[in-house]
Amino acid sequence: MFNKKILAGALLALSFNVSATTADIPVSKKRLIDKLLVQTGQSAVAVGKQYSDLFIQQMTLILKQ
């Protein structure tokens with residue numbers, strides 16, 4: 001029962017997050033983000049993959065329980 005609440009909460013949070021698109025971010029801020037990623041040795045693709053992998057891992061654990 002508790003896991004279903006966590007899953008529902010996660011899905012609800014993601015549905016709100018989908019509404020925020022990159023079109024809402026000013027170009028100057030996008031450039032600063034890209035500059036920071038380059039300075040730290042990361043790429044936007046690598047960071048996105050890390051978050052995606054972590055999310056999938058967490059959701060898999062929740063669903064297995």
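**Entry 1**

The model I am reading is a predicted one. On the buried side of α3 I noted V47, M59 and I62. These three span an arc of only 95° around the axis, which means they sit on the same side of α3.

I then checked the length of α3. I get 21 residues and a reach of 30 Å from the first C-alpha to the last, close to the 30 Å expected at 1.5 Å a residue.

**Entry 2: α2**

I repeated the length check on α2. This helix has 13 residues and reaches 18 Å between its first and last C-alpha, again close to what is expected at 1.5 Å a residue, 18 Å.

How many of the 13 residues of α2 are buried? I count one, so α2 lies largely in the open. I looked up L37, which is found in helix α2. L37 has a relative accessible area of 16%, and the cut-off for buried is under 20%, so L37 is buried.

I also looked at the chain just after α2, where G41 takes a positive phi of about 80°.

**Entry 3: L37 and V47**

I took the C-alpha separation of L37 and V47 and got 8.7 Å, for two residues 10 apart along the chain. L37 is buried, and V47 is one of the buried residues of α3. Both also turn up in the lining of the largest pocket.

**Entry 4: the largest pocket**

I noted a volume of about 170 Å³ for the largest pocket. Its lining consists of I33, D34, L37, A44, V47, G48 and Y51.

Which helix gives the largest share of the lining? I find that α3 does, with four residues. Both α2 (27-39) and α3 (44-64) supply at least two residues each. By type, I sorted the lining residues into five nonpolar, one polar and one charged.

**Entry 5: the whole chain**

I finished with the totals for the protein chain. I find three helices and zero strands, and the order of elements from the N terminus is α-α-α. Of the 65 residues in the chain, buried ones make up 6%.

Terms used
Residues numbered from 1 in each chain as written. Predicted model: local features only at pLDDT ≥ 70, side-chain atom pairs only at ≥ 80, totals over all residues. Heavy atoms only, no water. 1 Å grid on protein atoms, 1.4 Å probe; cavity = no way out; pocket = protein on both sides within 12 Å on 5 of 7 lines; lining within 4 Å. Points joined across faces, edges and corners; volume = space filled by probe spheres on them. Nonpolar A, V, L, I, M, F, W, Y, C, P; charged D, E, K, R; others polar. Expected span 1.5 Å × (residues − 1). Buried < 20%, exposed > 50% of the residue type's maximum accessible area, 1.4 Å probe, protein only. Arc of directions from axis to C-beta.
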